[in-house]
Amino acid sequence: MCEIKAADYTKATDYMETTDYIEKSDVLVDMESHDIIYDEESGDIAVGGSADQEAQLLALCALGDMYRFPKTGVGLSRYVHSIIKKTDLAKRLEEQFENDGKKISEAQLQNNILKLSFA
């Protein structure tokens, strides 16, 4: 289950837990400052499990936010005060996560928190 708080872009890490897909390693980014995290022991860029970070960035970034991949992103914050049944949120989530290699088996949006389960 993956949980993402839609209303607060910088605090998404507090509302997310991922257990349903394979953990990958990548450069870690501080979700509050958007700075790269450095490992103080080695003095190098921190590398670690990035599945949570990837899902957060994909759901929270809007189209055009990632200059190298302008057609990538769900833009979850635009759906905060919407009637979800009248939006394309389900289609956008499915499309974007499938393009990233993750198949969503269940999605719920309640109290501005998006909960995703992956197949």
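Reader: What volume does the second largest pocket have?

Author: Rolling a probe the size of a water molecule over the atoms shows where empty space is left. On a 1 Å grid over the protein atoms alone, a pocket is an open set of points where a 1.4 Å probe fits, with protein on both sides within 12 Å along at least five of seven lines. Points join across faces, edges and corners, and the volume is the space filled by probe spheres set on them. Here the second largest pocket has a volume of about 210 Å³. This is a predicted model: local features need pLDDT of at least 70, side-chain atom pairs count only at pLDDT 80 or more, and totals for chains, interfaces and linings use all residues. Residues are numbered from 1 along each chain as its sequence is written, and side-chain values use heavy atoms, without hydrogens and water.

Reader: Which residues lie nearest the centre of the second largest pocket?

Author: Lining residues have an atom within 4 Å of a point. This pocket has 14 of them, and L89, A90, L93, A107 and Q108 lie nearest its centre. Strand β6 (104-110) gives the most, 6 residues. Strands (E, at least two residues) and helices (H or I, at least four) are DSSP runs, numbered from the N terminus.

Reader: And the largest pocket, which element supplies the largest share of its lining?

Author: Helix α1 does, with 4 residues. The volume of the largest pocket is about 420 Å³. Its lining includes Q53, E54, L57 and L58. By class, the lining has 7 nonpolar, 2 polar and 3 charged residues. Nonpolar covers Ala, Val, Leu, Ile, Met, Phe, Trp, Tyr, Cys and Pro; charged covers Asp, Glu, Lys and Arg; the others, Gly among them, are polar.

Reader: How many residues of α1 are buried?

Author: Buried means under 20% relative accessible area, with a 1.4 Å probe and protein chains only. In α1 (residues 51-60), 8 of the 10 residues are buried, so the helix is largely enclosed by the rest of the structure. Among them are Q53, E54 and L58.

Reader: Now the rings. How many aromatic pairs are there?

Author: Rings of Phe, Tyr and Trp (its six-membered ring) pair if their centres lie within 6.5 Å; planes under 30 degrees apart are stacked, over 60 edge-to-face, the rest tilted. The count is 1 aromatic pair. F97 and F118 have ring centres 5.6 Å apart and planes at 50°, so the pair is tilted. F97 sits in helix α2 (residues 89-99) and F118 in strand β7 (residues 113-118), 21 residues apart.

Methods:
Buried < 20%, exposed > 50% of the residue type's maximum accessible area, 1.4 Å probe, protein only.
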